[in-house]
Amino acid sequence: MGKVKVFFKLNGEDVSSEIDPSKRLLDVIREDFGLTSVKEGCSEGECGACTVILNGEAVTSCCILGAQVDGCSVTTVEGLEKNGELDILQQAFLDAGAVQCGFCTPGMILSAKALLMKNPNPTLEEIKTAISGNLCRCTGYKKIIDGVQLAVERSNGDINE
Amino acid sequence: MNDFNVIGKSVQKKDGIPKVTGKALFARDIKFESMLYAKVLRSKVAHALLKRVDTSKAEKLPGVAAVLTSKDIPGSNRIGIIMKDEPVLVDDKIRRYGDALAVVAAETEEIAEEALNLIEVEYDELPLVTNVYEALKEDSPKVHGDTNLLTTRTLIKGDVDEAFKKCDVIVEKIYKTNYYAHMFIEPEAGVSKYENGLLTIWASTQNPHFDRGEVARVLGLPQSKVRVVQAETGGGFGGKLDISTQCFLGLLTYHTKKPVKLAYTREESMEVSSKRHPHIMKYKTGADKNGKLIAMEAEFIEDSGAYASYAPAVITRAVVHSTGPYEIPNVRVRASMVYTNNPMAGAFRGFGVPQVSIAHEQQMDMLAEKLNMIPYDIRIINALRVGSYTCTMQKLEDSIGVVETLEKAREKAEEVILNSTCELSSRKRRGVGIGCMWYGIGNTGLPNPASAFLEMHKDGSVTVMAGCADIGQGSNTVMCQIVAETLGVNYEEVNIISADTGSTPDGGATSASRQTYISGNACKKAAEMAKESLMQVAEELLNSPKEDIILKNKRAYVKGHEDNNVSLQEILSRCAAKGIMIVGSGYFNPNTTGLDPHTMQGVPFATYAFATHFIEVEVDIYTGEVKVLKVIAAHDVGKAINRKMVEGQIEGGCLMGMGLGILENLQVENAKMKTLNFSNYLIYTAKDIPEIYPIIVESEESTGPFGAKGVGEPALIPVAPAILNAVHNAIGVRFTEIPLTLEKVVEGLNNKFN
C-alpha cells in the first residue's frame, strides 16, 4: 500500500509525516515522532493509556489512524511543559500523590487537561466522568481526583491550552 | 515524641517528575539501532504431545533474523520461581493454552507476526484435566510426571478433635474463590542487547536478580555475563515475578547478537501471566458460650494450573494465615495444591491470604450470630495481642496492632456510617460489615535477605544502590527517606540506583510486602556503616564521644550543647584529608525459623501487619448490584515512612479488593480463558469509587526501619470479606463464593424468599 503524507500540529508545532495508511496514530506518535509518553495498554480503546488530545478532545490514539489527523492539532504530555515549567496539572499530580506506577499517568493528565480546557471549574462528578475512560490499577483513583481538584483550585479558572 | 526530618513526611516521589512528564522509560519505550522485534508462537491447545515444530518456511521469510525452538536453547530449558517445571520453549508436552513453542525475531513486528503463521506445528492432543477433584483421581490425565498432587501441607496445633467436644457453638461452611487477573496497565515487555561480552536485558519485572539467574541458566552463561535492569514497571501486584519476556530475549540476542524488543499484547499477557489461585476451603470453627474461639479445622484445595510458579509459597502462606488475626488454641489444617491444564496460578497481592480471609471472617460473623454477639465483640475477644500464640505456636512479642485497628476503625465508623441515616428506595438495602486481617512480612519461614550499598560523595550528597525493584509502590522514595534520616542529610540530595544487577546487590523480590521492612533495613544498615566513619571524624572535631553526637540537618552537634557543632562539609573535608571514604553496605534477613514439616509449627515471620476494615454497602434487590459506599481502612503499618504513599497503597488496595469481591469475573472454559482484555475482564473506574477513609495505626516494630512493617498486600485483604459480611447484614444472605456477581446475588435472594 502506498504511503500518505499528513500535515498536523503536534504539541504546537507544524509537522508532517509520510505514513502507512493502516498505521495507528499511537504508532505514528511513538515511532515516527519518538514521543513515548503515549502508552499502549490494551489496543482496543479500553484502558486509556494511549490518550492524546485531538482538537481539544481526549481520544484513545490506538483507535485512530494516523492518516485521520491530517490538519488536526494533537497534544501529548510532552507538549504540556511550558519553558521548562510543569503544567499546573502535572504539578498538582505530584503534590497530590497521584502517581504510582506511572503508566496511566500521561493519559490521565491529558483526559483531565481536555476537561479543564472546556470546563475550568468542574464538579467532582464531572472530573470522575472525564477520567473514567482511563484505567488505573494502582491508586484507586482517589489521589488522581485530588490532583485534578488541586489543579482546579490553583488555576482559578485560568487553564493554558 | 520523635522529631524526624524525613521519616513520616509525604515527600515527593523520586520517580514523580519523570512520570508526569512522560519521560520515564518503560521497557517498550527503549529503542536501539538495528533492533529486532520478537513474537512468540503459542499453543492453541491445552494438553498435547509435541511432535514437530518446522520453522524452515518462517526462516526464509525476508526480514526474519531468527526462528528458535527448544533445540536452540544452549542451557537448561526448565525455569520457575520455586520448582523448575516450566519450559522456556516446549520440548515434550504442551500443558496449557499459550505455552510457547517457538520465538521469532524480525526487522519489524509485522514480519515477526507473519513468520509465526509460517511455522508448522504437529502434536497429538491429550485429554484435559481442568477440575481439581478429577485431577486427584488415579486415572486422571497427568500434567507432570505420575501425579497431579503438586504439594500438600498439614498444620497441627493442639488437639482439635478433643477441643470441638468442648465447644458450645460450631459453624461449618465451604467457600470458593475464582481466578483473578492482575491487570497491571502495562503488559509485559523487555529489550535485550549484547555488548562487550555482556548480555543486558531491560525488563518490566518485580525481581531482576531472579531473572538474571534464570536467563544465565537457560543460556548456560555465568551470572556475571548477564545483566538484568528493571525498566520502569507499570504495575506488578505479583504478576511480574514470573519470567515473561526475559528468556526469549536472552535467547534471541544470544543467537543474533542484535538488540531485540518483545512487547506482549494484552491478550498474550492475560493468557500466560499467572493468576490468583482458585481455592475451595472447608471450614469448621468452634467457640465457647462467651465467644472465645476454641478450635478450628480447615481443608483447602488449590488449583495451580499447569505450572508451579509460587504455588508452594502460596499454599504455605494460606495455611499459616488460615485462622485470621485471632488466637485459637487448637487448629488443624490440611491443604493440597493441584496441577491441572488450567491457566497457571501464581503470586497475586496477598498470596492466598485474601482467599482464606473470605472464609475466616465469615466464620467469625456466623459464630457471633449464633452467640447473639456483635461481630466487633467476637473479634475483640479473640484478637491477637502481645503474648498470644499464633497457629504456628509463635509467641507474639511486639507490634501487634490488630485491636487498635479495630478500635480506630469502629470510632470512625460510628462517626461516618453508624450514625448516619438516609431515606432508601424500597429496592435498596444497606449493611455494614467488618473484615480483619494479619499478614506476615517477607517470605514464609524461609531466609529472604536483601542488601544495599551506599556512598556519600564529597559534597555530602548520597547515592544508594539497592536491588529492590520499585514497581510504582514507591520503594525508591522510601529507601531514600530512610537513608536521609539516618545520615542527617536532605532527602533531595539522596539518589538511588535500584534493581540493576550490574550495579546493585540482590534485594530479592518485590513481593510479600517485604521491601520497606527488609530492603529498608538493608539501606539503613548501609547508611549506619557510612555514618560510623563520619562519626569517627566528628568525635575528633567535637572532642566528644560519638554516643553524644547527633547528625542532623547536615551538621554534627553534641547533645545538649548545640553550639558545639561542626558542618557535614567540614567533617567530609577532614575525611578527605585523612583518606577516609564514606561508604556503606548492609544486608538484612528477617529472623524466622523453618516450619516443622509435619505440623508447620515455628516462626514463619519476624513481624506481621494488621488491619480492620468497616465497609458499608448498598444492595439493589432487583438487580443484585452491590455498591460499596464507604470503606474505613485502619492499618497497622508499624510506622508510615511516607504517609501519602501509605494512603495510596490503602486506597488502591481497597479498589482492587472491591474488584475481588464483586466485579472481576475471570472465565475459563475447558482450560481456555475467555476474558482476555478490559472489555470483558472489568476493573473498577473512577466512577465507581466509594468514600475511603484510610487510618494509619503505628504500632512500631522494634526490628523495623524506624519501626516500619509493610502495607502493600494488607491493603487489599480485608475488603472482600468485609463486603460479604456487609451484604449479609443488608439482605440476610450469606455468600460463600466470590465474585459476588449480579446473578449470584439475585439467586441468593431468590433462594431466601422462595
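A:T51 stands opposite A:T60 in β4(A). The structure is a predicted model, in which local features need pLDDT of at least 70 and side-chain atom pairs count only at pLDDT 80 or more, whereas totals for chains, interfaces and linings use all residues. Residues are numbered from 1 along each chain as its sequence is written, and chains are lettered from A and ligands numbered from 1 in the order in which they are written.

The pairing of β3(A) with β4(A) is antiparallel and extends over four bridges; strands count as paired if DSSP finds at least two bridges between them. Helices (H or I, at least four residues) and strands (E, at least two) are DSSP runs, numbered from the N terminus. Two residues separate β3(A) from β4(A) in a hairpin, and A:N55 in the turn has a positive phi of about 50 degrees. β3(A) is also joined by two bridges to β5 (residues 73-75) of chain A, again in an antiparallel arrangement, and here A:I53 stands opposite A:T75. In a regular strand the side chains alternate between the two faces of the sheet. In β3(A), A:T51 and A:I53 point one way, A:V52 and A:L54 point the other way, and all are buried. A residue is termed buried if 20 or more other C-beta atoms lie within 10 Å of its own, exposed if 12 or fewer, and partly exposed in between, with C-beta atoms placed from the backbone.

Chain A is divided into domain 1 (4-79) and domain 2 (88-159), with bounds that come from an automatic or database domain assignment. The C-alpha centres of these two domains of chain A lie 21 Å apart. Their contact takes 16 residues from domain 1 of chain A and 13 residues from domain 2 of chain A, where contact requires that the C-beta atoms of two residues, placed from the backbone, lie within 7 Å. On the side of domain 1 of chain A that touches domain 2 of chain A, β3 (51-54) and β4 (57-60) of chain A are the elements that give two or more residues. The largest share of that side, three residues, comes from β3(A). By class, the side comprises eight nonpolar, six polar and two charged residues; Ala, Val, Leu, Ile, Met, Phe, Trp, Tyr, Cys and Pro count as nonpolar, Asp, Glu, Lys and Arg as charged, and the others, Gly among them, as polar.

Between the chains, the contact takes 41 residues from chain A and 43 residues from chain B. At least two residues of the side of chain A that touches chain B are supplied by each of α2 (88-96), α3 (105-118), α4 (124-130) and α5 (142-155) of chain A. That side of chain A has 19 nonpolar, 14 polar and eight charged residues.

Chain B is divided into domain 1 (27-126 + 188-263), domain 2 (279-444 + 595-753) and domain 3 (449-588). The C-alpha centres of domain 2 and domain 3 of chain B lie 38 Å apart. Domain 2 of chain B contributes 22 residues to their contact and domain 3 of chain B contributes 17 residues. On the side of domain 2 of chain B that touches domain 3 of chain B, the residues divide into twelve nonpolar, eight polar and two charged.

An open sheet of three strands in chain B has the order β20-β21-β22, with antiparallel pairing. β20 (549-552) and β22 (561-567) of chain B stand at the edges, each with a single partner strand, so one side of each is left without a neighbour in the sheet. The twist averages 30 degrees from one strand to the next; angles run from 0 to 180 degrees between N-to-C directions, and axes are lines fitted to C-alpha atoms, for helices over the stretch in contact. Four bridges join β21 (residues 555-558) of chain B to β22(B), and B:A556 stands opposite B:V566 in β22(B). Helix α14 (residues 518-542) of chain B packs on the sheet and touches β20, β21 and β22 of chain B, its direction making about 120 degrees with that of β20(B).

The axes of α14(B) and α15 (residues 568-578) of chain B come within 9 Å and cross at roughly 100 degrees. α14(B) is therefore roughly perpendicular to α15(B), as angles under 35 degrees count as roughly parallel, over 145 as roughly antiparallel, 65 to 115 as roughly perpendicular and the rest as oblique. The contact is made by B:S533, B:L534, B:V537, B:A538 and B:L541 of α14(B) together with B:E570, B:I571, B:R574 and B:C575 of α15(B). By class, this contact has six nonpolar, one polar and two charged residues.
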